[in-house]
Amino acid sequence: MGFTEDRSTWFEGQGLWQHVPAEQWQDWTWQLKNRITSLEDLERFMTLTPEERRGVAFAGKKLSLAITPYFFNLIDRTDPNCPIRKQLIPREGEMLVSPGEQLDSLGEDEHSPVPGIVHRYPDRVLFLVTDRCAAYCRYCTRSRLVSNAQDYNFHPEYEQGLRYIEAHPEVRDVLLSGGDPLLLSDRKLEHLLARLREIPHVEFIRIGSRIPVFLPQRITPKLCEIFKRYGPIWMSIHVNHPKEATAELRDACERLSFAGVPLGNQSVLLSGVNDDAEVMKALVHRLLRMRVRPYYIYQMDLITGGAHFKVDVRKGIEIVRSLRGHTTGYAVPQYVIDAPGGGGKVPINPDYIEKITDDEIVFRNYEGNVHRYPLRVEAGKVPALDPMSVIDGS
Ligand code: SF4
């Protein structure tokens with residue numbers, strides 16, 4: 001794949017929508033109303049490959065097609081291998097089910113005591129507050145319910161969810177997700193945050209959202225005021241490729257940061273999108289410049305129709321190895337597999353340890369050089385300092 005970027009510029013602008021007044025372009029409701037959602041919409045702007053045409057025809061039964069005009073501008077319409085295009089435009093590979101793939105690959109439904117709540121770990125709940133997103137990622141873990149293309153009968157029930165959290169004092173951490181919680185109106189979001197803040201045992205509130213990436217216009221001053229009022233609210237955004245790190249996203253992240261929202265990024269490792277050390281390095285550097293800490297790289301979950309995105313884990317490990325020690329520590333995300341069936345996130349690290357004995361640990365550094373660190377604790381034989389020199393100051 002390879003990647004060379006111009007680090008001095010940030011993509012920005014209205015692209016294909018130059019004729020739209022800037023005021024409308026900046027209006028997130030205009031962006032939503034003008035999304036590309038059908039084969040006809042797409043073919044007004046670009047020529048699809050036969051594989052994509054078949055994928056689009058199937059999308060209505062799997063996961064809806066939607067792309068905001070802002071994000072559509074990032075697609076290279078002349079390149080079928082464009083990493084943005086691959087994430088958003090359906091391909092016929094989605095129609096195939098491979099061994100091991102499942103609709104609910106993380107076993108979330110089994111851990112759902114009331115609609116919209118997933119309670120897998122004792123002290124944390126996932127609160128699914130909507131099934132809608134600004135745009136739909138073709139590899140979505142929750143494609144069974146997101147966009148409701150599969151008639152999954154998912155109806156988020158805020159009150160039931162809130163009452164469940166109130167009744168469970170062990171829950172100290174609530175993650176709002178979906179779908180995308182930032183698609184809710186300011187009024188609904190404020191209501192949810194206010195109710196959660198009233199629950200004494202809820203210490204930590206976080207939001208998982210791809211809205212800053214698909215629809216940075218949604219990060220309005222008014223929304224930021226809500227985050228300030230009910231903060232600290234932590235947020236995980238979802239950027240997969242450095243092309244997504246535009247001037248608009250950078251500015252949205254700045255608004256969130258100034259409202260006191262700590263930002264982390266979660267990327268999914270995707271074949272032909274970001275399974276490349278140079279791409280990943282460019283991405284994590286852009287993230288730091290946008291005040292976002294690269295947090296996780298996910299091995300893709302085993303969702304149905306996802307095989308064409310799957311990357312060999314060994315490649316993921318090599319990508320992490322190419323970052324660790326070779327760039328700023330803050331830029332190195334944790335590579336994880338969310339264990340199929342609901343086993344939780346497990347870190348997958350390059351192995352630096354050669355040997356551990358009672359005497360020492362032997363390990364390699366980022367350059368491959370062997371180093372040793374003694375483990376046995378023995379009483380010192382030679383004083384590091386002459387005690388008298390400390391007492392008399394000599
Ligand atoms: S934004 Fe998140 S929830 Fe929505 S389609 Fe993409 S991965 Fe799925």
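This note goes through the fold of a predicted model, then its sheets, a helix pair, the ligand shell and some backbone details.

1. Overall make-up. The protein chain holds 14 helices and 12 strands. Its radius of gyration is 24 Å, close to the 21 Å that the globule rule gives for 394 residues, so the chain is as compact as a globular protein of that length. The C-alpha trace spans about 85 × 50 × 45 Å along the principal axes.

2. The nine-stranded sheet. Nine strands form an open sheet in the order S1-S2-S3-S4-S5-S6-S7-S8-S9, and the pairing is mixed. Strand S1 (117-118) and strand S9 (344-347) are at the edges; each has a single partner strand, so one side of each is left without a neighbour in the sheet. In general, strands of a sheet pair through backbone hydrogen bonds, either parallel or antiparallel.

3. S1 pairs with strand S2 (residues 124-128) in the antiparallel sense, over two bridges. Within this pair, Val-118 stands opposite Leu-126 in S2.

4. The three-stranded sheet. A further open sheet has three strands in the order S10-S11-S12, with antiparallel pairing. Strand S10 (353-356) and strand S12 (370-374) are its edge strands, each pairing on one side only. From one strand to the next, the twist averages 15°.

5. Pairing of S11 and S12. Strand S11 (residues 360-364) and S12 are joined by five bridges in the antiparallel sense.

6. Helices H8 and H10. Two packed helices are described by the angle between their axes and the distance between the axes. For helix H8 (residues 186-197) and helix H10 (residues 221-230), the axes come within 10 Å and cross at roughly 5°. Angles under 35 degrees count as roughly parallel, and H8 and H10 are therefore roughly parallel to each other. On the H8 side the contact is made by Asp-186, Leu-189, Glu-190, Leu-193, Ala-194 and Arg-197, and on the H10 side by Lys-222, Leu-223, Ile-226 and Tyr-230. These contact residues divide into six nonpolar, no polar and four charged.

7. The ligand shell. The residues surrounding the ligand are Cys-133, Tyr-136, Cys-137, Cys-140, Arg-142, Val-146, Gly-178, Gly-179, Asp-180 and Arg-210. By class, the shell has five nonpolar, two polar and three charged residues.

8. A cis bond in the shell. Gly-178 and Gly-179, both listed around the ligand, are joined by a cis peptide bond with omega near 20°. Gly-179 sits in the loop between strand S3 (173-177) and H8. A reader may want to view this loop together with the helix pair of point 6, as H8 figures in both.

9. Pro-232 is placed in the loop between H10 and strand S5 (233-237).

10. A positive phi. Asn-148 has phi near 55°, a positive value in a residue other than glycine. Asn-148 belongs to the loop between S2 and helix H7 (158-166). As background to this point and the two before it, most residues other than glycine have a negative phi, and most peptide bonds are trans.

Note on methods
Residues are numbered from 1 along each chain as its sequence is written. This is a predicted model: local features need pLDDT of at least 70, side-chain atom pairs count only at pLDDT 80 or more; totals for chains, interfaces and linings use all residues. Two strands pair if DSSP finds at least two bridges between them. Helices (H or I, at least four residues) and strands (E, at least two) are DSSP runs, numbered from the N terminus. Axes are lines fitted to C-alpha atoms, for helices over the stretch in contact, and angles run from 0 to 180 degrees between N-to-C directions. Angles under 35 degrees count as roughly parallel, over 145 as roughly antiparallel, 65 to 115 as roughly perpendicular and the rest as oblique. Two residues are in contact if their C-beta atoms, placed from the backbone, lie within 7 Å. Ala, Val, Leu, Ile, Met, Phe, Trp, Tyr, Cys and Pro count as nonpolar, Asp, Glu, Lys and Arg as charged, and the others, Gly among them, as polar. A residue is near a molecule or strand if its C-beta atom, placed from the backbone, lies within 6 Å of it. The radius of gyration is taken over C-alpha atoms; the globule rule is 2.2 Å times the number of residues to the power 0.38.
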